[in-house]
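Subject: Structure for your review

Dear colleague,

Please find below the structure that I am handing over to you. I would be grateful if you would look through it alongside the notes that come after it.

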Amino acid sequence: VIGGVCKKIGFVVLLQLAVSELLGRQPVKGAAPLLTIFGVVFGGRSWFTDGTKAGFSHVDTPVQYHDNVYVRTFTYLYFHAKYAQLMVFPWTMCWDYSMDALPLLLATWQDLRVLKILTTYLGVVALATWGFGTRSRRVLLGVANVIIPFVPASNLFFVVGTTIGERLLYPCNVGFAMLVSSLGAGSRDAALAAAKARPQQRRAGVGGKAVLGFVVLLVFLCRGSWRVYQWSSRETLFGPDAAAYPRSTKTRHQYGTVLHREGRFDEALTHFRASLAVFPQSALTEYCIAQILIEIGQPDEARKHFENIFAGHGLGFGRFNIYALHVDYGFTLMMLRRYEDAIPTLQQGLSLNEDVPHGLNALGYSFVQLGRHQEAADAFQRGLGYDPANPFLLNNLGVVNMMAGNFDAGAQLIAQAVQLEPQTPSFLYNAQMVQTMVETNRWPTQQFVLELFFNRGN
């Protein structure tokens, strides 16, 4: 009863017990109290939760938002076939079955996947018929313990907040195990009966089935172990899942983030674009594409994506991360030398979250290009407040100090930058410029160099 109040799967245990009593010697007497309690718990839970609707997003459960009842019905029935396949032969699995991992059956009964639905339900009917025909309580209980726990996940009587949830098969596996044992027991009984008439064939028949069962068990063991290994890292999980479910917008996006983090930009772009092709309204995916375009030096292409994001609904962005969108758009405008446009855009993003060193650096860089050196120095200084050992900010603040005539402070900052990043050519160039000034006591004819950096971690 308590379990039924907490989760839908809890109150069906009462129904399972009731079915068990119905198959017993006193069906009405044993089942009536359980069915009554089941009705009370179900009604009370529905009242407490204000119905059975699931307010999940279109990306998570797209089928419930389709306006055609036939498409919804056939798609939900296809999901039942997928659940059956996962229970009987869990070969290709996925960490998330949201948008288009399993495409909707838009053609309804004309879709070839309807054959899977027919196979699944014919299999259930065949098992039930076998159970009734042989009067096998064990078989009927196995069928009941597969079907009844599955009812809350079926989407037929109330909508649930997941397309496919592999975890929802945990209780159904109990019934499946009962059916497997029934099949084994049936084979054993048949073998024993045949052995009386043909004793020489007994060992061969039983042995062959035992070997087949062992092979199936070995396949399940290997597949299960491999799946556990796949869950050990993001790359080993998302990569195979993206290959198995190439239209899964979330899986393709997540694998793109893994590749992006590893610097495999071309591969990441392939997966992000595939994800965006399935769900074009995903601003977060388009933002990831824009970030890569910034990093590979294509700011104008990145600008197009940012402008498309701002023209849409901004799905994937909220108060906690909207700052990044403005900061990186401002960074893009700065790369395009549109400094007048970049400054207010960067300032808007930094007003939401100032702890973005590459944004503060871009703001200072833009101020320098417009001759507003004091404001540039303030921006670089604020950036160092969040990242004191950042060699790019140290170099740029040093350059601004040199421009303002603060030679000692500027030279010291540039030297710190070189000490932190001795392989960066612009830092070495600026340090040589300072050395030339000291030796010649004259301002060099060349310009000091400012440096940019981009940190997608922000």
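The notes below go from the whole chain to single residues.

**The chain as a whole**

Please keep in mind that this is a predicted model. The chain has 458 residues, of which 44% count as buried. Its secondary structure consists of 20 helices and zero strands. Among contacts with a separation of 6 or more, 59% are between residues 24 or more positions apart. The accessible surface of the chain is about 24,700 Å², and carbon and sulfur atoms account for 61% of that area.

**The nonpolar cores**

The largest nonpolar core contains 66 residues. Within this core, the residues that touch the most other members are Y287, F306, M334, L363, F380 and F448. Another core, of 27 residues, lies apart from the largest one; its members include M93, V139, I164 and Y245.

**Helix α11**

Helix α11 covers residues 265–278, 14 residues in total. From its first C-alpha to its last, helix α11 reaches 20 Å, close to the 20 Å expected at 1.5 Å a residue. Which residues of α11 are buried? They are A268, L269, H271, F272, A274, S275, L276 and V278.

**A histidine in helix α14**

Helix α14 spans residues 322–335 and includes H326. Is H326 buried or exposed? H326 counts as buried because its relative accessible area is 11%, and buried means under 20%. Not counting residues up to four places away in sequence, H326 touches F310, T345, Q348, G349 and L352.

**A nonpolar patch on the surface**

A nonpolar patch on the surface is formed by V88, F89, W91, V211, L212, F214, V215, V216, L218, V219, F220 and L221. Together these residues have about 1,100 Å² of accessible area. Helix α8 (residues 202–230) supplies the largest share of the patch, with nine residues. V211 has its place in helix α8. V211 counts as exposed because its relative accessible area is 53%, and exposed means over 50%.

With kind regards

Note on methods:
Residues numbered from 1 in each chain as written. Predicted model: local features only at pLDDT ≥ 70, side-chain atom pairs only at ≥ 80, totals over all residues. Heavy atoms only, no water. Patch = residues over 30% accessible without salt bridge, like charges linked within 9 Å, V, L, I, M, F, W, Y side chains within 5 Å. Areas by Shrake-Rupley, 256 points an atom, 1.4 Å probe, with all protein chains shown as cover. Salt bridge = Lys/Arg side-chain N within 4 Å of Asp/Glu carboxyl O. Helix = DSSP H or I, 4+ residues; strand = E, 2+ residues; numbered from the N terminus. Buried < 20%, exposed > 50% of the residue type's maximum accessible area, 1.4 Å probe, protein only. Core = buried A, V, L, I, M, F, W, Y, C linked by side-chain atoms within 4.5 Å. Expected span 1.5 Å × (residues − 1). Contact = heavy atoms within 4.5 Å.
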